[in-house]
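This report describes one protein model.

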Amino acid sequence: MKVYSQGDQAIVISLQGDVTPVATEKLLLIRHCLINQNYPFITEIVPTETDMLISYDARMMMKHLNIDSPFLHMKAVIENINIEDMTLDKEIRCVKVPIVYGGTNGPHLDMILKELHMDRQTFIDIHTGADYFVSMMGYSPGFPYLSGVDAQIIVNHTATEPRLIPAGSVILENNKCGITTTETYSDWLVIGHTSLPLFNPKKEDFALISLGDHVKFFEVQAGGNDA
């Protein structure tokens, strides 16, 4: 693990390894510990796939703590965290997501099949057979970046031109899969659509899927029962 400064009021924890569920759990445990300590000078904690950015109020630290360097103090706080015997305060869930593949729901699927020299059912079997985990949240509220895409269906490019993509679209981006939670304009490759709402701004816990969760897709037909 590497710890380094990011400007004068932020510090980064970098695991410097592959994107795996274990790496995500380590970051979640470190975040859990920092939140539970309720440090008043920590203003934001933003985990990514193998890194975590921690912003802090350096002025507050210098005013109220007997320290010479806010960065060195934060570095010591982080390096003294022992996660060996810790457990997460959240349940890691497996969320099952119904998906309608192709057609108007997945306008880029036919192009992808042609490029991969693969038939539709083989693609669907591979996509639904994978165990995805949420390695990062971002882009829009509740949007999960899903790692675990099978190498057989990785496409190393985006669409030829951007388009309006509805909320609930299932997209591919290189070795990641994602599910849009809001309508967006992008050049992502859209392979299908889910009716499962992932984002509800009226709820305090607005995201159905969170960092560290697992996701399994299952195929449904357009207009069919998603249960």
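## Overall features

Of the 227 residues in the protein, 44% are buried, where buried means under 20% relative accessible area, exposed over 50% and partly exposed in between, with a 1.4 Å probe and protein chains only. The model is predicted, and local features need pLDDT of at least 70, side-chain atom pairs count only at pLDDT 80 or more, and totals for chains, interfaces and linings use all residues. Residues are numbered from 1 along each chain as its sequence is written, and side-chain values use heavy atoms, with hydrogens and water left out.

The protein has five helices and 13 strands; these are DSSP runs numbered from the N terminus, helices being H or I with at least four residues and strands E with at least two. The C-alpha trace spans about 65 × 35 × 35 Å along its principal axes. Among contacts (heavy atoms within 4.5 Å) between residues at least 6 apart in sequence, 63% join residues at least 24 apart.

Strands are taken as paired if DSSP finds at least two bridges between them. Strand S1 (residues 2-5) pairs with S2 in the antiparallel sense over four bridges, and the bridge partner of Tyr4 in S2 is Val12. Four residues lie between the strands in the hairpin of S1 and S2, where Gly7 takes a positive phi near 80 degrees. Strand S2 (residues 10-14) also pairs with strand S4 (residues 51-56), antiparallel over five bridges. Val12 has Leu53 as its bridge partner in S4, and Ser14 has Asp51.

S4 is paired as well with strand S3 (residues 42-47), again antiparallel over five bridges. In this pairing Ile42 stands opposite Tyr56, and three residues separate S3 and S4 in their hairpin.

S2 is largely enclosed by the rest of the structure, because five of its five residues are buried. Ala10, Val12 and Ser14 cover one side and Ile11 and Ile13 the other, all of them buried.

## Nonpolar cores

A nonpolar core is a set of buried Ala, Val, Leu, Ile, Met, Phe, Trp, Tyr and Cys residues joined through side-chain atoms within 4.5 Å. The largest one has 29 residues, of which Phe123 and Phe217 touch the most other members. Elements giving two or more residues to this core include helix H4 (109-116), helix H5 (120-129) and strand S13 (214-219). Strand S5 supplies the largest share, four residues.

Leaving aside neighbours within four places in sequence, the contacts of Phe217 include Val97, Ile99, Tyr101, His127 and Leu146. A second, separate core has 27 residues, among them Cys33, Ile42, Met74 and Leu211.

## Pro70

Pro70 is in helix H3 (residues 70-79) and is buried, with a relative accessible area of 14%. Not counting residues up to four places away in sequence, Pro70 touches Tyr56, Ala58, Met61 and Met62.

## Largest pocket

On a 1 Å grid over the protein atoms alone, a pocket is an open set of points with protein on both sides within 12 Å along at least five of seven lines, and lining residues have an atom within 4 Å of a point. The largest pocket has a volume of about 450 Å³, a volume being the space filled by probe spheres set on grid points that are joined across faces, edges and corners. Of its 23 lining residues, Leu28, Arg31, Met137, Ser210 and Leu211 are the closest to the centre.

Helix H1 (21-37), S3 and S6 are the elements that give two or more residues to this lining, and H1 gives the most, with four. The lining divides into 13 nonpolar, five polar and five charged residues, with Ala, Val, Leu, Ile, Met, Phe, Trp, Tyr, Cys and Pro counted as nonpolar, Asp, Glu, Lys and Arg as charged, and the others, Gly among them, as polar.

Key: On a 1 Å grid over the protein atoms alone, a cavity is a set of points where a 1.4 Å probe fits but cannot get out, and a pocket is an open set with protein on both sides within 12 Å along at least five of seven lines; lining residues have an atom within 4 Å of a point.
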